[in-house]
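This briefing concerns the structure shown below.

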Amino acid sequence: MTEFTRRGVLHGAASLAALQATGAFAQGLPLPSSPVALNIIDVAGNLQLTQASIERFARENPKLISRVNFSRAPSPELPAKLKAQQQANRVDLDLVLTGPGAMSDGIQQGLWIDVWKSYPSQLPKAEEVYHEQALMMQRNFGQNEGVAVVYSPSGPLFEYIPARLKTVPKTAAELLAYVKANPKRFTYARPLNSGPGWTFLQGMPYILGDKDPSDPMNGWDKTWAYLKELGTGIDYYPGGTAATMKELGEGTRDVIVSTLGWDINPRVLGIVPKEAEVFALENTHWIPDTQFMCIPKGVPEAKVAVILALMSFMLKPEPQAATYDKGYFYPGPAVKGVTLAMAPQESRDVIKEFGRAHYDELIAKLPTRPPLTPERLVAAFRRWDQEIGVGHGAPQ
């Protein structure tokens, strides 16, 4: 998901004094006596939404931050790398920007500092800043470790080229029939490393009416059977979402799994034709996606204090409004009261041209369900790799 990197445009100023006035530094870790360098790694494409704001915070707080080093890596690679650093007592990653994959693994393996529990006075109160859906994700998914920074109802949606798909499937059965009748014309990315793949995997139990959508090991009999049958018409599962978008744009695929943001942004960038359309199947429930800021265990306290200040800044209205971006994680903001009218003009222009008029109605109409708990999500990813992805390009 890191192929579509770009920066938002921010206006105005938010100084260190303004942060202090909010109580962000009241009671807790002392700030460093000299500025620190921060190493930030992104495994979710999040810098597309937040890098300009992070750089701005650093620029306006030279007494806290000397420089910021950004890096990117595939989500599946991070937990093992971080675990090895912690075991060697040489952690060189100070802040992780992550989606559900590495977030879940990190909680399972005890990689993250429980910032909400350990430093409550240095972060805003979650119930006071987050909107209802983001608060649900924070409590059920981010738990004490992750700080939600962006939110999207996400998916699952299906994107297609109208000239190549004359009859749009309305039900799961119709989609299966289409895929079997048109082999190699449909695919989706490995769920562990794909927002659309992630929402598709968790959304199918609701669409199919499975016994217990919250239990992938004992309640997804219909889903696992359906995904196996669907796989008979799929030649391989790409390792990331960007590859599916490229194949749709080039004509290799006629239909792919998508989300709100992945529909809008690749059309903005010209990777997918502007005329592409989307559909949702009957019984669709939104499986929201949220990206989090996490501090690995082993980061020095002086740096933790600075990162907590940065986290608090990132939850303010102006950095949040910048997350509308070019539709990548539509809508984007995780906090209350941040509207498109507050976003940079570039974002407003993009959404006006490439957004879809029916999205707001669809967001309001379709029910929202929380994703799997981290431990169950890890189990679902593992089972998909072993039973569905095996032999189709996904690692075993």
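This is a predicted model: local features need pLDDT of at least 70, side-chain atom pairs count only at pLDDT 80 or more; totals for chains, interfaces and linings use all residues.

Are Phe-141 and Trp-198 buried or exposed? Both residues are buried.

**Aromatic pairs**

- The count of aromatic pairs comes to 14.
- Phe-141 and Trp-198 form an edge-to-face pair, because their ring centres are 6.4 Å apart and their planes stand at 85°.
- Phe-141 belongs to helix H7 (residues 132-142) and Trp-198 to helix H9 (residues 195-208), so this pair ties together parts that are 57 residues apart in sequence.
- Tyr-237 and Trp-384 are also edge-to-face, because their ring centres lie 4.9 Å apart with the planes at 75°.
- Tyr-237 sits in the loop between helix H10 (221-230) and helix H11 (241-250), while Trp-384 is in helix H17 (residues 374-389); the pair therefore ties together parts that are 147 residues apart in sequence.
- Tyr-237 and Trp-384 are both buried.
- One aromatic cluster includes Tyr-237 and Trp-384, together with Phe-158, Tyr-160, Phe-186, Tyr-188, Phe-200 and Phe-279.
- Lys-274 lies over the face of Phe-354, at 5.0 Å from the ring centre.

**Nonpolar cores and a buried helix**

- In soluble globular proteins, nonpolar side chains tend to be buried together.
- The largest nonpolar core has 109 residues, of which Tyr-130, Phe-186 and Tyr-188 touch the most other members.
- Helix H13 (residues 301-314) gives the most to this core, contributing 10 residues.
- Leaving aside residues up to four places away in sequence, the contacts of Tyr-130 include Trp-116, Leu-135, Val-147, Leu-315 and Val-335.
- In helix H12 (residues 260-268), 9 of the 9 residues are buried, so H12 is largely enclosed by the rest of the structure.
- The buried residues of H12 include Trp-262, Asp-263, Ile-264, Asn-265 and Arg-267.
- Gly-270, which follows H12, has a positive phi near 80°.

**The sheet**

- Six strands make an open sheet with mixed pairing, in the order S2-S1-S3-S9-S4-S10.
- Strand S2 (65-72) and strand S10 (332-333) stand at the edges with a single partner strand each, so one side of each is left without a neighbour in the sheet.
- Strand S3 (residues 95-98) pairs with strand S9 (residues 287-294) in the antiparallel sense, over 3 bridges.
- Phe-292 in S9 is the bridge partner of Thr-98.
- Helix H4 (residues 100-109) lies across S3 and S9 and runs at about 60° to S9.

**Backbone features**

- Most residues other than glycine have a negative phi, and most peptide bonds are trans.
- The bond from Gly-155 to Pro-156 is cis, with omega near 10°, and Pro-156 is found in the loop between strand S4 (147-155) and strand S5 (157-160).
- The bond from Tyr-330 to Pro-331 is likewise cis, with omega near -5°; Pro-331 is placed in the loop between helix H14 (317-321) and S10.
- Asn-89, in the loop between helix H3 (78-87) and S3, has a positive phi near 60°.
- Asn-89 is exposed, with a relative accessible area of 69%.
- Asp-325 lies in the loop between H14 and S10 and has a positive phi of about 45° although it is not a glycine.
- Asp-325 counts as buried, at 1% relative accessibility.

Definitions and conventions: Residues are numbered from 1 along each chain as its sequence is written. Side-chain values use heavy atoms; hydrogens and water are left out. Rings of Phe, Tyr and Trp (its six-membered ring) pair if their centres lie within 6.5 Å; planes under 30 degrees apart count as stacked, over 60 as edge-to-face and the rest as tilted. Helices (H or I, at least four residues) and strands (E, at least two) are DSSP runs, numbered from the N terminus. Buried means under 20% relative accessible area, exposed over 50%, partly exposed in between (1.4 Å probe, protein chains only). A charge sits over a ring if NZ of Lys or CZ of Arg is within 6 Å of the ring centre and within 35 degrees of the ring normal. A nonpolar core is a set of buried Ala, Val, Leu, Ile, Met, Phe, Trp, Tyr and Cys residues joined through side-chain atoms within 4.5 Å. Contact means heavy atoms within 4.5 Å. Two strands pair if DSSP finds at least two bridges between them. Axes are lines fitted to C-alpha atoms, for helices over the stretch in contact, and angles run from 0 to 180 degrees between N-to-C directions.
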